[in-house]
Amino acid sequence: DVQRLLNPSRGMICLRSSTDFDSPALLKRHSSFHSYDDKMEQQSQPSPGSAKSSSNDSGVEESRKASVSQPKPVERRATRLSSNAVSPVLEQLEQLIVNDDWLARDEPPLPTQNKKTKEGNRLSELGRTLVTSSSLKAYIDLLGSHHRQSIASWLFGNTSITFSQLFRFPEAQVYCSETESTLANAVRNGIGHAVRLAIKQAYGGEFATKGWRVFVEQGAPVVYVSPALHLDIAPYLASEFGICDIIVLPKLDGDLSEIEGRIDHHAFEKQLDEDLAAGKKPLMVLGVVGSSILGQNDMISKLLDIRKNKARFWLHIVGQAVAALTLREPTEVLVHVLSQVDSMTLPLALWLGIPAAPVITIHRSVDGYKPTYRAKLDTLPWWVASQYLTTKRITDIIENAYFLSKVMLKGLSALDQMEIVGVENVVDFANKVFKNQYIAPSVLIFKYKYEALKEAVAAHKKLLAVPEEEKDVEAIEKASKVIEYELEYAESLNSWLGQGLLGECTPLGIHMIELGGNYGTAFRFCPLEHAAANSSNMDHVQKFIKQLSEVLSIVDSTVAARRSFCQMKTEFPSLAQLPINKWAGVGAVCYIPSIVKETNPEEWNEKQRQQVSMLNMELVHSLRSVDSAFSSGESALFGVNCVKFGMLSDAKDLVDLMNMVSERGKEIENSQQYLDTLAEQIRKGIEAANQELKHENDVRLQHEGVMRQLPLMGSLVNWFSPIEHPSIKGRSFNLKTGEIQATDVLYKHKKGEEEDIKVPMTPIETPQAPHDFNKNTILEKTESISEEVAEEWTKPEEETASS
């Protein structure tokens, strides 16, 4: 008789007796599960001074226990044994759930192992209650047919009324998608339910009996999809309903159409006329209100006018901006327009930050459609959530998300270096949002405003705007390369900002996204998706804006220094500026020693590149002991190591830093160890030349034979049988290239063809710490390092090798 599904000591729901569910009193206790549980606990506790008390195990009075027959204790003993047998199984299951350390060992944990629960796996009070509701659904299925149908109908009706009032959707019904692995699949199932309702309305009940034949008789259905819907539903609709005409509508022309487009209503009307003329039946239009990237809205009012004047179709909407319907004072236009759509799918659990709650679809009633018992019972988690949170708290959570969007918008509008994608006048737009003339955007996409990229894009557009016969193809290609070059640097700057800031603003859920086109990477802030789960507040936003404003001064200084960096070629002839990819710093230079200075870098051979790379690697090692913002890189153009400049906190420091690199390079080049290295290289080259000459002479003697080597006999043999003596080639050692070559190469001015070996690129991130150039500190460090370098390079060769 006792049904105890969960332990009440852990804050879960306790089901006592089946008679409790047979009574209508259960439905009267729906204010909260905890009040129900408290009442049951009070019933199970004996009142003070009462002679009769109820057992905590059975709920049967003590006076009735005395009249029970003798075998009763045997049953209780068997229950204890079975409980003891199940306990280790439950313990092992608990370890599987709360800890994932056993995955690395590829074997499940033993029940006796004591594992600590991770903090991230702990559920809130509402989360535990929603997880428990799955057990309640299974328990309700065990009740009588009429009883469980009544419970399901009551839950469905109560939940539908709650969300109809919350979203200002008159006489709405709620459908809960099946639990899926991803949010996209759950949203797809909600759209599928709307398609099922649209087919019911367009084709009646014949589809259930005839299937695809009804499409042949009455016309094939067509589903029109907004280009802002980032979800491929064509395979799902084809396999589930046999619908093959899924048309993604053309985008409305605009500057942001490269990123995300809206429905072109004129193109949609034209497509609609063509389909009607072909005998097809427009079934549904999927619109987006609050796209996931730019937060744009399709003109739903235009779609309603087309439906009124052209053809009747089902209008279904998705998007983040639908959440604005739950605000205390939503705009009248928004409520008026969205209340006329047929259905909408909402990831409300994501907005409220609660787990184990399905995606909901709110739709108007359709003639002939009655939700099944299972569809009604699936609303149980949302009945629990709505009763626990109440509509007031749900509104507060969503309003907090929109308030955070306002604060972020206001903070970004005060930073001239930042641009919000899709907003031309940020200051004016932010003021209107704070005056409640506009609703705060559900998504904010912002990035660093790199003026050089904007100028390059404008110049490219200007070249394309000329008539076709006057276009300069070469100039257009050159402008495209400039855009590519500046876009890569703009992406590096935003990535550098993200590396330093994203770790500090985890509660805000800001992350980097790739926009595509000429927009590159940017930051995405969507408080509806993260604010409730991370408990975000205004302090988090203000902290982020403060940190961003501090870091932007470094970016501005670096960008200004980068413009003057290219103009310093003549001032520092020993430093060659090399292009470097994916680097947010000022740039990269390569110190060229005097031994290879006369050779064009493009003609450097392998040994020359090794010499230059070795010197520059030692240069970076010396510089990093003074300033950690220096780093070593590899240029893909020449295949040599180079010195990378990091970010600058002051653009004026660039000249001093260049001087320091040039002087330090000269010190290394003129050092004793470097000269010893060259001397050792010369000695090895001479030895190698001698070995080659000796080998060549031995080959010559072996070819002539022993007789020709005798003084008199050799002359006689050569007179009888003369041979053509091969010209003995000398050897030359090129100190600049480190190569041993035959002397005929010098005489004939031939250059050997040599295969260039490219050094593989090594991705090195730009250091977060900028160059902190304090002249006094730098001079002190430089003097101490110079002394250490001098001592190090005067060590014996054995000590240097061992170190």
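Reader: What does the accessible surface of the protein come to, and how much of it belongs to carbon and sulfur atoms?

Author: Happy to start there. This is a predicted model, and its accessible surface comes to about 43400 Å². Carbon and sulfur atoms hold 53% of that area.

Reader: What share of the residues is buried?

Author: Here a residue counts as buried when its relative accessible area is under 20%. Of the 803 residues in the protein, 42% are buried.

Reader: How many helices and strands are there in the protein?

Author: The protein has 30 helices and 17 strands. Among contacts with a separation of 6 or more, 71% join residues 24 or more positions apart.

Reader: Let's take a sheet. How do strands pair, in general?

Author: Strands of a sheet are joined by backbone hydrogen bonds, and the pairing can be parallel or antiparallel. In this structure, 4 strands make an open sheet with antiparallel pairing, in the order E8-E9-E11-E10.

Reader: Which are the edge strands?

Author: They are E8 (418-420) and E10 (511-514), each of which pairs on one side only. On average, neighbouring strands of this sheet are turned by 40° against each other, direction ignored.

Reader: Over how many bridges do E10 and E11 pair?

Author: E10 pairs with E11 (residues 521-525) over 4 bridges, in the antiparallel sense. For a place to look, find Met 512, which stands opposite Phe 523 in E11.

Reader: And which strands does helix H23 lie across?

Author: Helix H23, residues 538-565, lies across E8 and E9 (444-448). Relative to E9, helix H23 runs at about 35°.

Conventions. Residues numbered from 1 in each chain as written. Predicted model: local features only at pLDDT ≥ 70, side-chain atom pairs only at ≥ 80, totals over all residues. Heavy atoms only, no water. Pairing = 2+ DSSP bridges. Helix = DSSP H or I, 4+ residues; strand = E, 2+ residues; numbered from the N terminus. Axes fitted to C-alpha atoms, helices over the stretch in contact; angles between N-to-C directions. Contact = heavy atoms within 4.5 Å. Buried < 20%, exposed > 50% of the residue type's maximum accessible area, 1.4 Å probe, protein only. Areas by Shrake-Rupley, 256 points an atom, 1.4 Å probe, with all protein chains shown as cover.
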